[in-house]
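Okay, everyone, thanks for coming. Let me put the model up, and then I'll walk you through it piece by piece.

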Protein chains: 2
Amino acid sequence: MPPVGAGLWRSLPAHQVYGANTNVGKTIVSTVLCNAIQNQRKKAAFLKPVSTGALDDADDRHLSRFGAGTLTKCLYQFDEPVSPHLAARQKMIPRDDDLLASIHQTLSDWARSDIDLALVETAGGVHSPGPNGNSQADLYRPLRLPIVLVADSRLGGISSSISAYESLVLRGYDIQSVLLFRDDYYQNHEYLADYFNKKSIPLVSLSAPPPRPPVENADTQARDEEAMSSYYRQVSAESDILRLLEELNTKNQKRITRLEEMADRAQDLIWYPFTQHQGMKPKDITVIDSAHDDYFQTFGSSQSKESSAELRPTFDGSASWWTQGLGHGNPDLALSAAYAAGRYGHVMFAGAVHEPALSLADRLLKTIGNPRFTKVFYTDNGSTGMEVAVKMGLRAACDRYGWDASQEQISILGLKGSYHGDTIGVMDCSEPSTFNQKVEWYRGRGHWFDFPLVKMVNGTWKVEVPAELKADLGSEDAEFESLGSVFDLEKRLGSEATQRYKTYIHRTIKDLVERHGMKFGALILEPVILGAGGMLFCDPLFQRCLTDVVRDHPELFSPNASSPKSAPSWSGLPVIFDEVFTGLYRLGRPSSASFLDVHPDIAVNAKLLTGGLIPLCTTVASQEIFDTFSSPEKSDALLHGHSYTAHAVGCTVAVDSLRTMDDMDKNGSWDGFKADWDSKSVTSTSGPSDVWSVWSQSLLQDLSRAETVESVFGIGTVLSISLRDAEGGGYTSTAAKGLQQKLAVGGDQFNVHSRVLGNVLYLMSSVTSKPESLKEMEKLLRSSLI
Amino acid sequence: MPPVGAGLWRSLPAHQVYGANTNVGKTIVSTVLCNAIQNQRKKAAFLKPVSTGALDDADDRHLSRFGAGTLTKCLYQFDEPVSPHLAARQKMIPRDDDLLASIHQTLSDWARSDIDLALVETAGGVHSPGPNGNSQADLYRPLRLPIVLVADSRLGGISSSISAYESLVLRGYDIQSVLLFRDDYYQNHEYLADYFNKKSIPLVSLSAPPPRPPVENADTQARDEEAMSSYYRQVSAESDILRLLEELNTKNQKRITRLEEMADRAQDLIWYPFTQHQGMKPKDITVIDSAHDDYFQTFGSSQSKESSAELRPTFDGSASWWTQGLGHGNPDLALSAAYAAGRYGHVMFAGAVHEPALSLADRLLKTIGNPRFTKVFYTDNGSTGMEVAVKMGLRAACDRYGWDASQEQISILGLKGSYHGDTIGVMDCSEPSTFNQKVEWYRGRGHWFDFPLVKMVNGTWKVEVPAELKADLGSEDAEFESLGSVFDLEKRLGSEATQRYKTYIHRTIKDLVERHGMKFGALILEPVILGAGGMLFCDPLFQRCLTDVVRDHPELFSPNASSPKSAPSWSGLPVIFDEVFTGLYRLGRPSSASFLDVHPDIAVNAKLLTGGLIPLCTTVASQEIFDTFSSPEKSDALLHGHSYTAHAVGCTVAVDSLRTMDDMDKNGSWDGFKADWDSKSVTSTSGPSDVWSVWSQSLLQDLSRAETVESVFGIGTVLSISLRDAEGGGYTSTAAKGLQQKLAVGGDQFNVHSRVLGNVLYLMSSVTSKPESLKEMEKLLRSSLI
């Protein structure tokens, strides 16, 4: 099923009516509102998606009878007077997606007609289960209709009303008004009016409806009907109700006006990250009204002219800068965040401990599974976490080799095209490039190797040696039967390529140290893929050889170096893995280090750490690295720490995210994807043995053969498409713009928001993306490129 | 009233019984549990803090009758069968604080006796108002007792049970079990068992109690009693109940065991920020179980031997590293965070906009009120925000003066003792010091002025000129009648001190540029107080003169400089204010720049921005600074941006926090404090005219006269106490340790967690701290120092 758009129509204020509990009078309130509209010679429409006897007494029929001409519709009717999830057992059950699509379709149809107000009534309370057993508050969330909440006027109703309200808020709903019956004994309406007034939500109290007749017969029924009619006539003319209807209408208009002006206002007020503002127009700014699962709900996006809807689902193709893991608007993570906020807020971390920080440290070390790691250091983002890693690595090297870094320059070893963040210290860890060339204090401090790339070209997996490296390496491009065989390091380590790689690396380092007098303090790698540098898929054998040479030849770096030490001691140089992008299941495995079968001494994780919700970063290190900072001097300590270090909200959400992803891994949630990738061809002895992607092998095959495509790869959740560029590619290339624009226009069902890095367009799913969503994306990619 | 400890006793599992709604059977469930305990020859106790007739039918009397010998107690009994907040109108109303204290006292007494299980029953539903009209879920939160939730077995009960659960979770409660009656028609217990099982919360369903007799008379009453007794006999023997009781007991033990091991585990796993681990012992680690308002709840803290309670309130004296503003565990901020998480999760910000980021930009600029500012750039913490500020400032200067920063060193001007964060780029903005001397890549790039300090010595406000500055400045210490008169810049700018300051500053810069060939790219100041450098209160006149000289004499910096430009153009150097610590009401004003009556060109805010909940930082800049980065080249853009830039959760919480603080400011929430400070003596013409503190003038007077005290100051929420140190003070001084230890032991009511910076001990409140809390703190300080 296609994703549904969130519900917003210019010509039709459409609301969902939720009840604080069952039997609070949702249908009566709806009938009052519809009467009031109809009495103004306007048109009301009432939609009951799912109706069961007991819960609401066939509400659409009640509306038909008393609604003064209101258009009514029920999508699914069950007669059994129980909760819909039980009633549905006896009937054909509509799928949740179908239900949402039907509601959206109905409202869109109404928006194109002359309807002035539409109400969509739920069944029971906010969390009463829908036909498939999911809470209605969750089930209807993709539509995110503005809400009319009918509060409970009975004893206990203050509590149930506020709780119902909170359940809606924590799912990102906007509650636009609260209605309830006046009860002069319990006076809930007074208490709740105060309560909601503080939240700027108008509350309207209504006279209670006439009591039901104690005995039902033709006579009492007639009198009951007359009493109800009279009630509706009277209440629907009350000024509070008329004012409320006006206000609901105004809010709908204001919301649209605000969405219309947001891009302009953003252009005025916001200084965007990584953005050249010159020439940027408001129309270039994506206005995101909300998000759910893999989709943004965007305003003013291209869509078919016939559609009356203002919002459109837009696939979050960059996984929101590679952060997204467990779906936007995930209610479990929202509740976890709220729990930590409610239990702690943020509490001081230096010299203190709280459960979330401790649990996360524990779980993270288990998830990563590197026996060297014993310590966890917290920061806020990948850049600061890498600053910490660099401070750790350099100190360890200087300490062992007796260097005084204030007197001499200590450099790092890395790969060309690496990127470790935007703070100046870690900018210095990358070679001069577009990213840093104009940063006044940038001073690249290192040597960066060229390296062979993994890519699929014309249907074949290749390891391609860049032209400038061919002579040095004495090596040519190689073809592989599968991506798995590229990662078959056990086999490849015995090959001639290994010798060539190692010889070249050894010679280069020796030359840098001996002839150029360079001193190196750390080896820094992004395992497997160099992300920001342009989605460069490095031959894992090369990264492995680089690590091996550094560790096997400590004598390269200092005459003081002793012979190679065995793990967990570091040897040669501290090895730092920047797994900010590649770690924690982004590439399908808990740690991307496992692809190289290397245990780094220091590693940094962020992005997916919180499942895609809030900033948090960890730098993990070996005991030996930690011990380097141990001394009687306070000034020898790692003097780093941000205000919100190990904030409880982030740690709690991260514990939940890791647990969820670890469980998915263990429970075979990705087996369907893995089957397509025939992981049996991989024979690595340690670590998980699978190399796979959520993107199908046949998609890669087909795209790689497209005329405009230079190469592609897919691994884990990442798909990378390198477009042919006469100019040679790079960060300033515009070759991928055309494809980006085609995807932005999208297909019938949704648009795609994607990011490009020069001539590379990449797409990234979350770890919970559904196969159907990805199938649709694949269809769209084929039609855009082939 | 003293703060209450959260409820945890080693010998007594104590639980609070909440109901998903009223009339769900809380008392019957409590009676079943008490019966089951009593039948095992153990002792149960039942506490009803507040009872009203209708809601629960005199529950303690029911327990007395059917509880098989359970000890029962009711603290407040109302007969009117309405919600307690209405019933209380007719009676003496207990204050919420008194109620909490009584509950804690009762449970502590029971813990010292032979009671094996205590239940504290609430009235109605989770949000039913307590006697003072506050929701019980909020009212009882400081105790944070583990919860037994009685779910609703009736129609609609799935929804009300889940919503009640969510309301409790978002206040940081731990729900340890759910009980409800079996109803084979609605089968809520089946649905809810699945639901809570996924959350690892055990659910036990019970047989429903016998129906109440339709007519009440002596005969039916006797039969009813017999039926109930028989019911309790039967149900309380059910294996599920016995297993549950065992589990509750085990959970209490496990929780204590976990708290006992946490410091050890932390010592094993955590690499702490700014901490020398050598010599650190687990006992040095504060174990924080939860937090509320100004207080942590700490485990194993010193307290009177007689107390049986395991947790103790501990004043968060560093405001959790200067972040805390609106109280720990603030339910409004928790709900805001949850709303944003539910509506968006995190959504991509480059090239996109969402309401929270836009609203925050808008509100922030209004709060700060600097007419130069037009653009907001988001990052995650003060350090990264300052990196951005430095990039902005240097680029603007290099651009105007035609410098090629890759070829020559561009430095900054600042003050000695400044600190701008832990990333290497902003470390370079501070002079060599303990903080950075061992960071391998640190290269201080700037000149840093000594400056006169503001302090109260022996009861008198002074501006003290450091010895090393006296000759250069030709100026002596000066005394002031009040802190307000120190800030009376309008008057002081006409004084001789101003001329001396300006002459000295001008001469120094001229010398640095002409004789030492230095080039400067920005002036960076922490207005008023240099925080991390040791709570150095700089003479505001000196900071003002520094800014004036830089802006009035652009020719100092480059021969290319034109004559002073008028605002909003920057002149001389871009002026950057680091208000990460001092901004947003920390010193009692929305912006600390107003104390200097200076409009900087760039400013950075963080810490209080989110009210003390989660990391977020803003760097705001003038249009002219922004325009410097505008060009047809992408590479000229400010290429900076973290993954979670402008994350929706942070922005939403920040909008709420700013609104709350702005409203408090407007509504005179701090008038009581201000009255003590006689703000009329200040006559600055622009900006708010008040200089005040939450710490009383008389406290400062008294402390400043204490023998061990060198000087003190108080401003806004900050109190700083400089202890005499024979060794001369500084970051590595231990002079303040003694006072810190005294405060840690605390008084009768609570401990104090504080941080020291060398010989300085500071204390910081939140902006919502209650006068009574601060009075208690003042009492403790007096008794510790005088």
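So, A:Phe46 stands opposite A:Leu119 in β4(A), and A:Phe46 also stands opposite A:Thr72 in β3(A). Before I go on, this is a predicted model, where local features need pLDDT of at least 70, side-chain atom pairs count only at pLDDT 80 or more, and totals for chains, interfaces and linings use all residues. Residues are numbered from 1 along each chain as its sequence is written, with chains lettered from A and ligands numbered from 1 in the order in which they are written.

Back to the strands. β2(A), residues 44–52, pairs with β4(A), residues 117–125, in the parallel sense over four bridges. With β3(A), residues 71–78, β2(A) also runs parallel, and here seven bridges join them. For the terms: strands (E, at least two residues) and helices (H or I, at least four) are DSSP runs, numbered from the N terminus, and two strands pair if DSSP finds at least two bridges between them.

Is β2(A) enclosed or open? Nine of its nine residues are buried, so β2(A) is largely enclosed by the rest of the structure. Buried here is 20 or more other C-beta atoms within 10 Å of a residue's own, exposed is 12 or fewer, partly exposed is in between, and the C-beta atoms are placed from the backbone. Take A:Thr52, which lies in β2 of chain A. A:Thr52 counts as buried because it has 26 C-beta neighbours inside 10 Å. And have a look at A:Phe78: A:Thr52 and A:Phe78 are 26 residues apart in sequence, but C-alpha to C-alpha they are 4.6 Å apart in space.

Next, β5 of chain A, residues 147–150. A:Ile147 and A:Leu149 point one way, A:Val148 and A:Val150 point the other way, and all are buried. What does β5(A) pair with? There's β1 of chain A, residues 14–19, in the parallel sense over four bridges, and A:Val17 is what stands opposite A:Val148 there. Then there's β6 of chain A, residues 175–181, which is parallel to β5(A) and joined to it by four bridges. A:Val148 turns up again in that pairing, standing opposite A:Ser177. To get from β5(A) to β6(A), the chain goes through helix α7, residues 157–169, in a right-handed β-α-β crossover. Right-handed is when, with the strands pointing away from the viewer, the path from the first strand over the helix to the second runs clockwise.

Zooming out to domains. Chain A is assigned domain 1 (14–254), domain 2 (331–666) and domain 3 (693–785), with bounds that come from an automatic or database domain assignment. The C-alpha centres of domain 2 and domain 3 of chain A lie 27 Å apart. Their contact takes 19 residues from domain 2 and 22 residues from domain 3, where contact is C-beta atoms, placed from the backbone, within 7 Å. Which elements give two or more residues to the domain 2 side? Those are β15 (453–457) and α22 (648–666) of chain A, and β15(A) gives the most, with four residues. That domain 2 side divides into eleven nonpolar, six polar and two charged residues. Nonpolar is Ala, Val, Leu, Ile, Met, Phe, Trp, Tyr, Cys and Pro, charged is Asp, Glu, Lys and Arg, and the others, Gly among them, count as polar.

Now the two chains together. Chain B can be laid on chain A with an RMSD of 0.1 Å by a turn of 180 degrees and a shift of 0.0 Å along the axis. That's the relation of a two-fold axis, and the superposition is by least squares on the C-alpha atoms of residues with pLDDT of at least 70 in both copies. At the interface, 143 residues of chain B are in contact with 144 residues of chain A. On the chain B side, the largest share, ten residues, comes from helix α12 of chain B, residues 331–343, and that side divides into 68 nonpolar, 54 polar and 21 charged residues. Also, 99% of the interface residues of chain B are interface residues in chain A too, so the copies meet through the same surface.

A:Ala352 has B:Thr286 as its bridge partner in β8(B).

Methods: Two residues are in contact if their C-beta atoms, placed from the backbone, lie within 7 Å.
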